[in-house]
Amino acid sequence: MTRAIFPGSFDPITNGHLDLIERALKMFDEVVVAVLNNAAKTPLFSIEERLDFIRKTIPSDRVVVANFEGLLVDFARECDATVIVRGLRAVSDFEYELQMAMMNRKLAPNLETVFLMPKTVYSYLSSRMVKEVARLGGDVACLIPELVHQALKAKFGTTSS
Ligand code: ADP
């Protein structure tokens with residue numbers, strides 16, 4: 001039984017994240033979606049909202065949704081996860097991801113990082129971009145789960161579909 005951990009801010013979850021979780025579920029028995037509660041960042045959505053979006057979007061009993069603070073390797077150990085899943089969208093993701101993977105390997109040599117690539121249509125998609133476009137009234141409906149779309153509309157009062 002292999003449990004993987006998929007960490008991130010998920011502010012908010014997008015179809016790109018969901019694509020990755022589906023791929024991870026084909027490879028691992030369980031996936032812990034670990035939402036980082038980072039006091040240094042000011043997220044658009046609270047930790048409770050972000051967890052709620054993910055829980056309501058992913059019905060699979062093989063997905064556990066949790067939040068964490070501090071070092072990912074410590075939380076992975078607490079969860080008994082042996083694999084970290086991260087996404088690679090473009091070459092621009094690579095340098096930062098490589099640094100993080102190497103540091104995590106230093107801290108926890110038995111924890112392997114695995115990179116997955118999303119469907120091409122999601123390769124330009126990020127939570128940051130979704131928020132920026134939604135704030136300006138652009139239509140991002142096809143890039144995010146419906147409940148996230150509704151929540152963004154409520155936040156920004158946009159009129160798009
Ligand atoms: P972080 O703040 O840790 O980058 P994110 O929520 O932005 O958190 O991303 C979490 C993980 O999901 C990262 O590995 C990121 O590369 C991946 N990810 C985000 N958006 C996509 C996407 N559109 N396709 C594939 N992976 C993605």
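Student: In strand 3, what is the bridge partner of Val 33?

Tutor: The partner is Val 65 in strand 3. Please keep in mind that this is a predicted model. Strand 2 (residues 30-36) and strand 3 (residues 63-68) run parallel and are joined by 6 bridges.

Student: Which helix does the chain pass through from strand 2 to strand 3, and what is the handedness of the crossover?

Tutor: The chain passes through helix 2, and this β-α-β crossover is right-handed.

Student: What is the order of the strands in the sheet?

Tutor: The sheet is open and has 5 strands in the order 3-2-1-4-5, with parallel pairing. Strand 3 and strand 5 stand at the edges with a single partner strand each, so one side of each lacks a neighbour in the sheet. On average, neighbouring strands are turned by 30° against each other, direction ignored.

Student: What holds paired strands together, in general?

Tutor: Strands of a sheet pair through backbone hydrogen bonds, either parallel or antiparallel.

Student: How many bridges are there between strand 1 and strand 4?

Tutor: Strand 1 (residues 3-8) pairs with strand 4 (residues 83-87) over 2 bridges, in the parallel sense. Ala 4 has Val 83 as its bridge partner in strand 4, and Ile 5 has Ile 84.

Student: And how many bridges join strand 4 to strand 5?

Tutor: Strand 4 and strand 5 pair over 5 bridges, again in the parallel sense. Gly 87 stands opposite Leu 116 of strand 5, and Val 85 stands opposite Val 114. From strand 4 the chain crosses through helix 4 to strand 5, in a right-handed β-α-β crossover.

Student: Is strand 4 buried or exposed?

Tutor: 5 of the 5 residues of strand 4 are buried, so the strand is largely enclosed by the rest of the structure. Both of its faces are covered, with Val 83, Val 85 and Gly 87 on one side and Ile 84 and Arg 86 on the other.

Student: Which strands does helix 3 touch?

Tutor: Helix 3 (residues 72-79) packs on the sheet and touches strand 1, strand 2, strand 3 and strand 4. Its direction makes about 145° with that of strand 1. Helix 4 (residues 91-107) lies across strand 4 and strand 5, and runs at about 170° to strand 4.

Student: Moving on to helix against helix: at what angle do helix 2 and helix 6 cross?

Tutor: The axes of helix 2 (residues 47-57) and helix 6 (residues 146-156) cross at roughly 150° and come within 10 Å. The two helices are therefore roughly antiparallel to each other. Helix 2 contributes Glu 49, Phe 53, Lys 56 and Thr 57 to the contact, while helix 6 contributes Leu 147, Val 148, Ala 151 and Lys 155. By class, the contact has 4 nonpolar, 1 polar and 3 charged residues.

Student: New topic. Which residues are joined by a cis peptide bond?

Tutor: Asp 11 and Pro 12 are joined by a cis peptide bond, with omega about 0°. Pro 12 is found in the loop between strand 1 and helix 1.

Student: Finally, where is Val 121?

Tutor: Val 121 is in the loop between strand 5 (112-116) and helix 5 (127-135). Val 121 is partly exposed, with a relative accessible area of 49%.

Terms used. Residues are numbered from 1 along each chain as its sequence is written. This is a predicted model: local features need pLDDT of at least 70, side-chain atom pairs count only at pLDDT 80 or more; totals for chains, interfaces and linings use all residues. Side-chain values use heavy atoms; hydrogens and water are left out. Axes are lines fitted to C-alpha atoms, for helices over the stretch in contact, and angles run from 0 to 180 degrees between N-to-C directions. Helices (H or I, at least four residues) and strands (E, at least two) are DSSP runs, numbered from the N terminus. Angles under 35 degrees count as roughly parallel, over 145 as roughly antiparallel, 65 to 115 as roughly perpendicular and the rest as oblique. Contact means heavy atoms within 4.5 Å. Ala, Val, Leu, Ile, Met, Phe, Trp, Tyr, Cys and Pro count as nonpolar, Asp, Glu, Lys and Arg as charged, and the others, Gly among them, as polar. Two strands pair if DSSP finds at least two bridges between them. A crossover is right-handed if, with the strands pointing away from the viewer, the path from the first strand over the helix to the second runs clockwise. Buried means under 20% relative accessible area, exposed over 50%, partly exposed in between (1.4 Å probe, protein chains only).
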